[in-house]
Amino acid sequence: MGFIGETIDSIKSIQIRQVLSQAVSLGMIVTSALIIWKALMCITGSESPVVVVLSGSMEPGFKRGDILFLHMSKDPIRAGEIVVFNVDGREIPIVHRVIKVHERQDTGEVDVLTKGDNNYGDDRLLYAQGQLWLQRHHIMGRAVGFLPYVGWVTIIMTEKPIIKYILIGALGLLVITSKD
């Protein structure tokens with residue numbers, strides 16, 4: 001009968017109580033992860049307290065696959081800081097360095113110009129059409145720390161979805177076939 005037959009027999013022998021227990025455990029894990037994420041959002045003041053560097057535009061400082069920890073305070077943004085920002089019309093945030101800050105005298109608002117350390121020119125070509133500066137609402141946070149290479153798991157699962165599905169399937173089989 002083999003592995004598949006044994007797996008089917010194992011699935012049939014699972015009792016309702018075990019299924020409910022596993023569903024509650026899975027729900028608690030997912031809920032705990034969401035609570036931790038929301039707590040990090042409150043502590044850091046950033047809508048996304050952790051991001052993965054997806055390109056080599058910030059090398060040699062940050063490499064593709066590094067995880068950045070963000071914080072967003074009320075302090076003014078200064079040239080030299082590394083920020084993560086969203087651009088209107090783009091889904092994926094960008095990690096680059098602030099190269100110029102322009103404070104408007106009339107309103108006190110700050111306009112920011114960014115550039116990747118490994119890029120030739122500034123980011124105006126990446127901004128929305130006609131946009132020359134970033135405003136505070138575009139900035140998700142400032143980089144305050146990083147873990148090298150840990151984000152490769154996310155990159156691999158995004159670029160090779162079959163690996164993600166294999167991993168989810170294997171974890172599902174592990175849950176189904178495990179016995180208390």
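Mentor: Start with one rule: two strands count as paired if DSSP finds at least two bridges between them. Keep in mind that this is a predicted model.

Begin with strand S4, residues 94–103. Strands S4 and S5 are joined by 6 bridges and run antiparallel. Strand S5 covers residues 110–115. One place to look is His102, which stands opposite Asp111 in S5. S4 and S5 make a hairpin, and 6 residues lie between them. Gly108 sits in that turn, with a positive phi of about 80 degrees.

Strand S3 spans residues 82–85. Find Val83 there: it stands opposite His96 in S4.

Move on from S3 to S6. Strand S6, residues 139–147, pairs with S2, and S3 is joined to S6 too, by 3 antiparallel bridges. Phe85 has Ile139 of S6 as its bridge partner. S2 takes in residues 67–71 and pairs with S6 over 5 bridges, again antiparallel. Here Leu68 has Phe146 of S6 as its bridge partner.

Now look at the side chains. In a regular strand, they alternate between the two faces of the sheet. The largest nonpolar core has 12 residues, among them Val83, Phe85, Ile94, Val98, Val112 and Ile139. S3, S4 and S5 each supply at least two of its residues. There is also a second, separate core of 10 residues, including Val53, Ile82, Val95 and Met140.

Next, the loops around the strands. Ser48 is in the loop between helix H2 (16–44) and S1. Ser48 is buried because its relative accessibility, 13%, falls under the 20% cut-off. Setting aside neighbours within four places in sequence, Ser48 touches Trp37, Leu70 and Met140. Strand S1 itself is residues 50–52. Between S1 and S2 comes a loop that holds Pro60. Stop there for a moment. The peptide bond from Glu59 to Pro60 is cis, with omega near 5 degrees.

Most peptide bonds are trans, and most residues other than glycine have a negative phi. Tyr149 lies in the loop between S6 and H3. With a relative accessible area of 48%, Tyr149 is partly exposed.

Trp152 lies in helix H3. Trp152 is partly exposed too, at 31% relative accessibility. Helix H3 (152–159) and helix H4 (161–177) each supply at least two residues of the patch. H4 gives the most, with 3 residues.

How values were computed. Residues are numbered from 1 along each chain as its sequence is written. This is a predicted model: local features need pLDDT of at least 70, side-chain atom pairs count only at pLDDT 80 or more; totals for chains, interfaces and linings use all residues. Side-chain values use heavy atoms; hydrogens and water are left out. Helices (H or I, at least four residues) and strands (E, at least two) are DSSP runs, numbered from the N terminus. Buried means under 20% relative accessible area, exposed over 50%, partly exposed in between (1.4 Å probe, protein chains only). A nonpolar core is a set of buried Ala, Val, Leu, Ile, Met, Phe, Trp, Tyr and Cys residues joined through side-chain atoms within 4.5 Å. Contact means heavy atoms within 4.5 Å.
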